[in-house]
Amino acid sequence: MAGLISPAARDTLEHWLKHLSALDGVAENTLDAYRRDVLGFVAFMTQHFGEETGLAPLKRIKPTDMRAWMAQERSRGVAARSLARELSAVKSFYRWFSERDGFEPTAVLATRSPKFQKKLPRPLAQDAAKAMIETVEMQSPKDWISARDVAVVTLLYGCGLRISEALSLKGKDAPLPDVLRIKGKGGKERIVPVLDAAKRAVDRYTHALPYQLEPDEALFKGARGGALSPRLIAKAMENARMQLGLPATATPHAMRHSFATHLLEAGGDLRAIQELLGHASLSTTQAYTAVDTARLMEVYADAHPRGRG
């Protein structure tokens, strides 16, 4: 069915993907998923309209067309979570497409995403998080790469950074200061305290680094001296978790989950943790921290004026 898509539609899709890659630094796996999702959508519209879908029909899509696509996806067994992901990709494409070509994308952008039960993130236990850092160090025969991977994973766990945030650090950020100013999602800035363990890990890496560290270039470098790809950290953690017998959920992002959960378990204030993570709402932080309800209620009781006493 994808073979019926017009060259103009396919070229437009590829231009959008190049835009995401060049300006937003979207990972290759994500780009592949976006390509599949939007191609599937355009292929459906080709069949739905009964003609080769060039750009003109794609600009005239109505709410009924969107409902027909979603009904077809559900009828072929696409789960609500997967359909929500597909719709998100289509909306992202249409925001760019409509801005570029100057048409009104309301029918697409106003389509409601199907509801689904969000899975709570799974943090690692404290001993497992520490074992992960120690085992990541053993994944490369090159000392400087081992030191690099330990430094990155220590930042994820010790500072609660996203992998993209850790890899956005520049040479001028080393040696690490007592606090980092991190620009997170939506360009929102936050201040993050830096633990001594993270400072030491980055110092060890920079002293072992065989390349010149330029102030405005990436702090963390790949084997050839370019900016480090997040896939390499994910791969090192994948190898480490297999050796440790940890589940597939032990990913770079799980280290950030673990940071939040362990802080809360140690009696950290929920709102302070929210600020450290850069979450817009407290409910996001609550979902992010896999602490049982009793513990959350205990924290709430301690913090609430009527909860004491």
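Predicted model: local features only at pLDDT ≥ 70, side-chain atom pairs only at ≥ 80, totals over all residues.
H10 runs over residues 196-208, and its 13 residues reach 18 Å from the first C-alpha to the last, which is close to the 18 Å expected at 1.5 Å a residue. Its buried residues are Ala198, Lys199, Ala201, Val202 and Tyr205. What they pack against is helix H8, residues 143-159.

In general, nonpolar side chains in soluble globular proteins tend to be buried together. Here the largest nonpolar core has 39 residues, and the members that touch the most others are Met132, Leu155, Tyr205, Phe220 and Met255. The elements that give two or more residues to this core are helix H7 (126-136), H8, helix H9 (163-167), strand S1 (179-183), H10 and helix H11 (230-244), and of these H8 gives the most, with 11 residues. If we take Leu155 and leave aside its neighbours within four places in sequence, its contacts are Gly160, Leu161, Leu169, Leu176, Ala198, Val202 and Phe220. There is also a second, separate core, of 31 residues, which includes Ala9, Leu58, Met70 and Trp96.

My last topic is the aromatic residues, for which the structure holds 12 pairs. In one of these, Phe93 and Tyr94 have ring centres 5.6 Å apart and planes at 90°, so the pair is edge-to-face. Phe93 counts as buried at 3% relative accessibility, and Tyr94 likewise counts as buried, at 1%. Another pair joins Trp144 and Tyr211, whose ring centres are 5.9 Å apart and whose planes stand at 85°, so this pair, too, is edge-to-face. This second example links distant parts of the chain, since Trp144 lies in helix H8 and Tyr211 in the loop between H10 and H11, 67 residues apart. Trp144 is buried, with a relative accessible area of 9%, whereas Tyr211 is partly exposed, at 31%.

Finally, one aromatic cluster is formed by Trp16, Tyr34, Phe41, Trp69, Phe93, Tyr94, Trp96, Phe97 and Phe103. Trp96 in this cluster is also one of the residues in the second core.

Notes. Residues numbered from 1 in each chain as written. Heavy atoms only, no water. Helix = DSSP H or I, 4+ residues; strand = E, 2+ residues; numbered from the N terminus. Expected span 1.5 Å × (residues − 1). Buried < 20%, exposed > 50% of the residue type's maximum accessible area, 1.4 Å probe, protein only. Contact = heavy atoms within 4.5 Å. Core = buried A, V, L, I, M, F, W, Y, C linked by side-chain atoms within 4.5 Å. Phe/Tyr/Trp six-rings, centres within 6.5 Å; stacked < 30°, edge-to-face > 60°.
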